[in-house]
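Me: I have a structure open and would like to talk through a few of its local features. Shall we go step by step?

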Amino acid sequence: MREEKPKAPSQENKKTKNGWFWPAIYTSVALLFIGMVWGYTALTTEDSVPSEVAKVEQPKENGTVETNATKETLKYPFDEAKVDQVAILQEFYDAEADEAVREKALLVFNQTYVTSKGLSLSMDGEPFEAVAAMSGTVEEVIVDSFKGTEIRLKHADGKTTVYGSLTGVVVKEGDTVQQGQVLATTTQNEWNPEAGVHLQFEIQQDGVSVNPHDFLAF
């Protein structure tokens, strides 16, 4: 009786076993790559969230200061506790005002009439402190021995306030000042000697002089 030899695996079986090997390798590599991409995306997303929150929560201090400034209303350009001591020596020239007011708004210099663009304010002929009528920036300080030093303040709402006939100025161009802050001390000048020691106060809206009486209850 002939002994049967074990049959060798057929070529077809070998092909079947080898056919599963490489797809399995490719699938494993693909899953590993997808896992790495997902992990990186999750990590970068977590890192970016706090930075976005931080940007939103950052305080805007400059914007707040400017917003508060625009909500201010004009106040007296002197210590308002002394308002009862203030006299108006010259009025703002208003062409529509009555004759008495218009006459009081004329300044005489070298036998020539000049119309007043603001109010000339006096406290019994004594020096007093001129203060900022609103918060703003010192736009210009003009030193003039003839008219006295002049200070111009620019405000957030487009107004400009002008303070003239001054001495002892304690601010400089570019300074930010708060409403009520002392700017200088009033003095007399040669331009308007009849007024004696006084403050020449003007208000401009977009570059045009306006009547201070429209904003302040003198």
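Predicted model: local features only at pLDDT ≥ 70, side-chain atom pairs only at ≥ 80, totals over all residues.

**Contacts, a pocket and salt bridges**

Me: Is Ser 135 buried or exposed?
Reply: The relative accessible area of Ser 135 is 9%. The cut-off for buried is under 20%. By that reasoning, Ser 135 is buried.

Me: Which side chain does the side chain of Ser 135 join in a polar contact?
Reply: The side chain of Ser 135 also reaches a backbone atom, the nitrogen of Gln 179, at 2.9 Å. For the contact between side chains, the distance is 2.7 Å. The partner in that contact is Glu 72.

Me: Now the largest pocket. Which residues lie nearest its centre?
Reply: The largest pocket holds about 420 Å³ of space. Its lining is made up of 21 residues. Nearest the centre of the largest pocket are Lys 147, Glu 150, Trp 191, Gln 200 and Glu 202.

Me: Which elements give two or more residues to the lining of the largest pocket?
Reply: By class, that lining has five nonpolar, 10 polar and six charged residues. The elements that contribute two or more residues to it are β3 (112-115), β7 (149-154), β8 (159-167) and β11 (199-205).

Me: On to the backbone. What is the phi of Asp 124?
Reply: Most residues other than glycine have a negative phi. Asp 124 lies in the loop between β4 (119-122) and β5, and is exposed, with a relative accessible area of 65%. Although Asp 124 is not a glycine, its phi is positive, at about 55°.

Me: Ser 165 has a positive phi too. Is Ser 165 buried or exposed?
Reply: Phi of Ser 165 is near 65°, and this residue is found in strand β8. Its relative accessible area is 2%, and the buried class covers values under 20%. Ser 165 is therefore buried.

Me: How many salt bridges does a search of the whole structure find?
Reply: One of them pairs Lys 172 with Asp 175 at 3.1 Å, N to O, and Lys 172 is exposed at 53% relative accessible area. For the whole structure, the number of salt bridges is three.

Me: Where in the chain are Glu 139 and Arg 152, which form a salt bridge?
Reply: The closest N and O atoms of Glu 139 and Arg 152 are 3.8 Å apart. The pair links distant parts of the chain, 13 residues apart. Glu 139 is partly exposed at 38% relative accessible area, while Arg 152 counts as buried at 18%. As for their places, Glu 139 is in strand β6 and Arg 152 in strand β7.

Me: What is the N to O distance in the salt bridge of Lys 159 and Asp 157?
Reply: Lys 159 counts as buried, at 11% relative accessibility. Asp 157 is partly exposed, with a relative accessible area of 26%. Their side chains meet in a salt bridge, and the N to O distance is 2.9 Å.

How values were computed: Residues numbered from 1 in each chain as written. Heavy atoms only, no water. Buried < 20%, exposed > 50% of the residue type's maximum accessible area, 1.4 Å probe, protein only. Polar contact = N/O pair within 3.5 Å; in protein donor to acceptor, adjacent residues only side chain to side chain. 1 Å grid on protein atoms, 1.4 Å probe; cavity = no way out; pocket = protein on both sides within 12 Å on 5 of 7 lines; lining within 4 Å. Points joined across faces, edges and corners; volume = space filled by probe spheres on them. Helix = DSSP H or I, 4+ residues; strand = E, 2+ residues; numbered from the N terminus. Nonpolar A, V, L, I, M, F, W, Y, C, P; charged D, E, K, R; others polar. Salt bridge = Lys/Arg side-chain N within 4 Å of Asp/Glu carboxyl O.
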